[in-house]
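Please consult the sequence and the model shown here.

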Amino acid sequence: MDWTYLILAGVFEVVAVSGMNEISKHRNLRSFTTFLGGMILSFGFLSLAMQVLPMGTSYAVWTGMGTIGGTLVGMLIYKESHDWKRILFISMTLIAAIGLKLTA
């Protein structure tokens with residue numbers, strides 16, 4: 001269940017980052033609600049995961065999921081660059097997170 005909490009924390013971090021991006025474009029109640037709701041749920045699930053998982057692994061995986069998810073949302077929804085170098089570095093982040101899981 002601890003890894004499920006960590007994955008949910010990462011998913012809601014991406015929701016929060018998407019809300020932050022919307023706030024920069026449209027300052028409305030929906031954007032603020034998305035941002036705040038995502039942050040509250042993300043930190044809540046991260047806190048639950050860290051009750052069992054080591055702090056270093058939890059934080060690295062959480063930030064990695066946020067980085068990868070935020071970049072993918074930017075590429076797929078906000079039409080940001082699909083440059084091969086971005087994809088290469090996303091892949092490296094994913095490999096690092098998997099490596100942390102395997103060595104935890």
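The model is predicted: local features require pLDDT of at least 70 and side-chain atom pairs pLDDT 80 or more, while totals for chains, interfaces and linings use all residues. Residues are numbered from 1 along each chain as its sequence is written, and side-chain values use heavy atoms, without hydrogens or water.

The largest nonpolar core has eight residues: Leu 6, Ala 9, Phe 45, Leu 46, Ala 49, Leu 53, Val 61 and Trp 62. Such a core joins buried Ala, Val, Leu, Ile, Met, Phe, Trp, Tyr and Cys residues through side-chain atoms within 4.5 Å; buried means under 20% relative accessible area, exposed over 50%, and partly exposed in between (1.4 Å probe, protein chains only).

H2 gives the most, with three residues.

The buried residues of H3, among them Val 61, Trp 62 and Ile 68, pack against H1, H2 and H4. Beyond its neighbours within four places in sequence, Val 61 is in contact (heavy atoms within 4.5 Å) with Trp 3, Leu 6 and Ala 97.

Met 92 lies in H4, residues 84-103, and is partly exposed, with a relative accessible area of 44%.

Note on methods:
Helices (H or I, at least four residues) and strands (E, at least two) are DSSP runs, numbered from the N terminus.
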